[in-house]
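This report looks at charged side chains. It covers a surface patch first, then salt bridges.

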Amino acid sequence: MEIHYTAAPLLNTKVARRLTSKEADIRITGMTCAMCTQAVSSVLEELEGVEKAEVNLGTETARIRYDPSKISLDNMDRAINELGYGTAYSEARIRLSGADDPSSRKNLEEALLSLEGVRKAELDLSTGTLKVVYNDPMVGLDTIKKTIEALGYGYLGREEEISLDAEERRRDREQRKKLIKALLGMGVGLPLMFLMWSGLRPPFDMGLALFLLTTPVFIYVSFPIFLAAFRNLKHLNLNMDVMYSMGMGSAYISSVLGTFRIGLGPEFMFYDTVLMLAGFLTLGRYLESRAKGRTNSSIRKLMGLRPNKALVWNGERFVELGIEEVKKGDTILVRPGERIPVDGRISEGTSYIDASMVTGEPLPVRGGPGDPVIGGTVNGKGALKMVSTGVGEDTLLAQIIRSVREAQGSRPKIQRLADRVVSYFIPVILIIALFAFVFWYFMAGETLLFTFTRVVSVLVIACPCALGLATPTAVTVGIGRGAEMGILIKNGEVLQSSGDIDTIVLDKTGTITSGKPRLSGIMTSGMTEREALRTAASLERSSEHPLARAILEGAGDIDLTEAVDVESIEGVGIRGRIEGKEVMIVSRRYIDEKELDMDPSLLEWSDRMERKGVSLSFLLMDGMVTGVLAVSDPLKNGAREAVSRMKKRGFEVYMITGDNERSAGAVAREAGISNVIAGVLPHEKAIKVRELQERGGKVAFMGDGINDAPALAQADVGIAMGQGTDIAIESGDIVLVKGDPSDGLTGIELARKVMTRIKQNIFWAFAYNTMLVPVAFGVFHPWGLDLRPEFAGLAMAMSSVTVVTLSLTLKKFKPESRR
């Protein structure tokens with residue numbers, strides 16, 4: 001009898017699929033209707049490896065069952081983004097303790113990235129800050145915390161949860177402990193060293209006395225190193241704590257064996273060495289920690305500017321509220337000498353405001369009704385009332401702090417070289433130590449005592465820490481220094497690309513000129529100037545263009561009429577209907593392209609104004625040119641000097657503008673620029689930048705962070721101008737808080753200086769290991785030069801301190817453009 005089994009295999013296949021599949025919840029942004037959810041669901045289920053996708057519009061999440069062997073979360077993200085929707089992830093910046101060498105970074109990042117739902121993990125060694133980007137529904141902070149602690153590192157909390165004072169107190173406590181341990185180790189070890197070198201023979205058993213005296217001190221001083229080594233070995237990770245523990249531990253064990261004559265004699269007692277070694281290593285970590293604390297002083301200064309309280313009008317009187325309770329639109333009283341609590345506009349009173357700590361502006365600036373003010377700046381001698389416009393994370397100061405933190409944690413490409421070297425470093429050193437033993441004991445015939453000291457010296461002198469700190473400390477100090485000067489460098493990649501820049505393209509409006517145009521003249525034909533101004537202002541009333549604002553301000557209190565069917569035409573102007581007539585305000589380019597005739601007086605006047613560098617808007621009524629409005633925009637203070645400095649530094653300088661060649665040429669001559677790209681529409685600026693790049697130029701584009709976004713993105717380095725609180729922080733690679741074009745050059749100089757310091761740091765870190773590891777090995781032994789293990793430990797400690805100290809010199813950096 002033949003029996004066919006058909007159901008079981010099908011069931012087993014389904015069960016197997018269930019066992020291998022995973023579920024993920026992805027938060028999706030941009031969905032507005034049921035059609036959106038259906039589109040997302042369909043796209044996801046079409047992907048190979050996705051078994052089921054349920055999209056919930058209410059919670060804005062997609063629950064996806066998928067086979068991780070066939071598809072990753074990145075693939076699903078990409079599919080959602082290509083459909084036009086966004087994916088939202090949580091981000092946390094976590095302060096850690098004990099993570100202070102390159103292997104710590106590698107271990108932590110690999111462990112966290114192995115967690116399902118963690119998209120990004122980056123540890124900044126210079127600040128001990130871990131940035132984690134994660135899918136909140138899939139993995140929580142509690143899981144991340146457990147993973148960190150399981151690796152043996154301390155989880156201190158999220159950065160925003162730790163107050164500035166608490167952070168300072170914690171750092172001081174840790175440093176004080178390290179200093180006490182270092183002094184105790186060296187304080188006991190030095191007398192022991194002199195005693196053992198002196199050859200004195202006390203009447204008691206010196207070996208036993210040294211054992212009893214040294215052991216508790218050694219355990220107290222070196223315990224953190226051995227504990228960290230144990231935790232790393234438990235996870236099969238090799239780091240410098242493991243190396244130090246091997247060196248110190250073997251020296252201590254040999255001392256104990258020598259004391260009790262267990263296979264070794266008294267000559268193997270290294271009690272002074274193990275104490276000095278533990279003391280020197282701890283001293284090095286103390287000095288390194290202290291120096292690293294100084295690298296991040298700029299961000300702490302910025303955080304210290306944030307006031308805790310504000311006097312807010314509650315409808316009857318001003319009451320003191322916590323800064324977190326202030327809302328947009330609140331009326332706030334700022335007394336003389338107080339810090340302005342949030343961003344806003346002055347509604348009453350005048351005063352001089354010191355913004356130096358936020359924007360780098362050296363002199364106080366006068367502020368009155370209608371002027372913007374920045375939270376964290378200091379009010380002068382006058383009382384002010386202001387209306388809040390930006391609170392909490394929306395203030396300029398909060399954006400600057402966030403931007404600086406992000407940039408300080410980024411890594412330029414040059415660090416990848418250091419990271420690759422570090423990954424091979426410890427295994428290579430272990431091989432060298434093993435070879436030292438084989439060579440000196442078996443091949444050279446040296447004593448076991450001599451061979452042992454060579455091995456210990458090699459283990460403790462090698463230092464990848466200096467290599468690991470070379471880049472992040474310089475990046476942290478350099479970017480912090482930029483923030484102090486009102487220059488926000490957005491990431492480490494910018495530091496590297498700035499070194500290649502040879503061409504600077506300056507947008508005219510708002511970069512070379514003030515960006516605050518004003519109506520400077522009007523000429524008409526067939527209508528009065530008042531009628532022309534009334535018509536133009538009525539049409540421009542709905543426009544946000546700077547020229548439109550100038551015309552509206554020029555119209556003053558003239559009664560305007562209603563314009564209908566208003567339409568903006570990119571690169572041309574604006575059109576609509578007023579009182580039954582078609583009205584247009586257009587550029588010279590439109591007049592020339594359409595070959596429109598105009599009254600000779602209008603033509604002569606417009607030619608004369610353009611030669612002065614004035615921008616012109618032509619008023620058309622039913623296709624006839626009836627008026628010309630002239631709008632002037634003076635050069636920024638210092639624009640000409642900034643251009644001159646750029647040329648002296650060897651940069652090729654271009655000005656780019658939508659104005660015609662005659663008007664643009666006049667402004668360029670005034671600014672000292674000989675290369676002009678005129679008549680360019682906003683979207684064409686990126687094309688012109690690309691053309692310069694195709695000719696071999698490395699281009700920095702300096703312009704408005706909103707209107708010039710494509711050109712800023714196309715350039716090798718995009719430099720966005722800011723003014724007051726109106727700054728698009730995300731718009732450029734470098735953001736100039738004050739909007740001063742000379743700061744653009746300063747930013748490039750600073751970036752180059754940071755890269756120079758990084759290269760110097762990496763050179764010294766390589767040179768240190770290249771020179772001293774052979775010395776510890778014993779290559780100079782034939783000439784009587786040997787390095788004792790304790791001094792090898794001191795040399796190792798000082799290498800990291802040297803690199804951090806070199807990075808700290810950037811705090812005093814003053815670019816040539818500011819000397």
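Arg173 sits in helix α6, which spans residues 164-198. The model is predicted. The relative accessibility of Arg173 is 46%, so this residue counts as partly exposed.

Arg173 belongs to a surface patch of positive charge.

## Salt bridges across the structure

How many salt bridges does a search of the whole structure find? The total is 22.

One of them pairs Glu338 with Arg335 through their side chains, with an N to O distance of 2.8 Å. Glu338 is partly exposed because its relative accessibility is 25%. Arg335 is also partly exposed, at 40%.

Glu604 and Arg608 form a salt bridge, 2.8 Å from N to O. Both lie in helix α21 (residues 600-611). They are four residues apart, so about one helical turn separates them. Glu604 has a relative accessible area of 43% and is partly exposed. Arg608 is partly exposed too, with 32%.

Arg788 and Glu790 form a salt bridge. Their closest N and O atoms are 2.6 Å apart. Glu790 is buried, at 0% relative accessibility.

## A network

Salt bridges also link four residues into a network: Arg588, Asp607, Glu610 and Arg662.

Methods:
Residues numbered from 1 in each chain as written. Predicted model: local features only at pLDDT ≥ 70, side-chain atom pairs only at ≥ 80, totals over all residues. Heavy atoms only, no water. Patch = residues over 30% accessible without salt bridge, like charges linked within 9 Å, V, L, I, M, F, W, Y side chains within 5 Å. Areas by Shrake-Rupley, 256 points an atom, 1.4 Å probe, with all protein chains shown as cover. Lys, Arg positive; Asp, Glu negative; His and termini not counted. Charge placed at Lys NZ, Arg CZ, Asp CG, Glu CD. Helix = DSSP H or I, 4+ residues; strand = E, 2+ residues; numbered from the N terminus. Buried < 20%, exposed > 50% of the residue type's maximum accessible area, 1.4 Å probe, protein only.
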